[in-house]
Amino acid sequence: MAAQVAKRLLAAEMAVDIAIGETARLLEALALASREAGMPPDSGPQAPTLVSQALTNLAGARGEIVGAHKALDGLARRLSLPVSAFGVPIKPREAAVD
């Protein structure tokens, strides 16, 4: 069960990260389209403002998912679950030293 939760947690983290990236690219596309159309910055529709708010909300959601991750880590320690209970551990890549 722990491995399934860990798998879904990592998938949720990745999905939010992808959504943040796509939303940022959408905001960029809206800005470029507005500029290409020769529209003054204050004359466009609400779309950029709404997309910007969505980006803020996604950043908040990412923080909540990270918080859930920390809470689950704490629960695993309290239950004395071994790392192997979560499937194959995924280690962060170490920064390359030049």
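Guide: Let's begin where helix H1 has just ended: there Gly-38 takes a positive phi of about 75 degrees. A word on the source: this is a predicted model, in which local features need pLDDT of at least 70, side-chain atom pairs count only at pLDDT 80 or more, and totals for chains, interfaces and linings use all residues. Residues are numbered from 1 along each chain as its sequence is written, and side-chain values use heavy atoms, with hydrogens and water left out.

Now step back into H1 itself. Helices here are DSSP runs of H or I with at least four residues, strands are runs of E with at least two, and both are numbered from the N terminus. H1 covers residues 2-36. Its 35 residues reach 51 Å from first C-alpha to last, close to the 51 Å expected at 1.5 Å a residue; that expected span is 1.5 Å times one less than the number of residues.

Which residues of H1 are buried? They are Ala-2, Ala-6, Leu-9, Glu-13, Val-16, Gly-21 and Thr-23. Buried means under 20% relative accessible area, with exposed over 50% and partly exposed in between, using a 1.4 Å probe and protein chains only. An α-helix has 3.6 residues a turn, so residues three or four places apart point the same way.

The buried residues of H1 pack against H2, where contact means heavy atoms within 4.5 Å. H2 spans residues 47-78, and its own buried residues are Val-51, Leu-58, Gly-74 and Ala-76. What covers them includes H1. The chain has two helices and zero strands, and 11% of its 98 residues count as buried.
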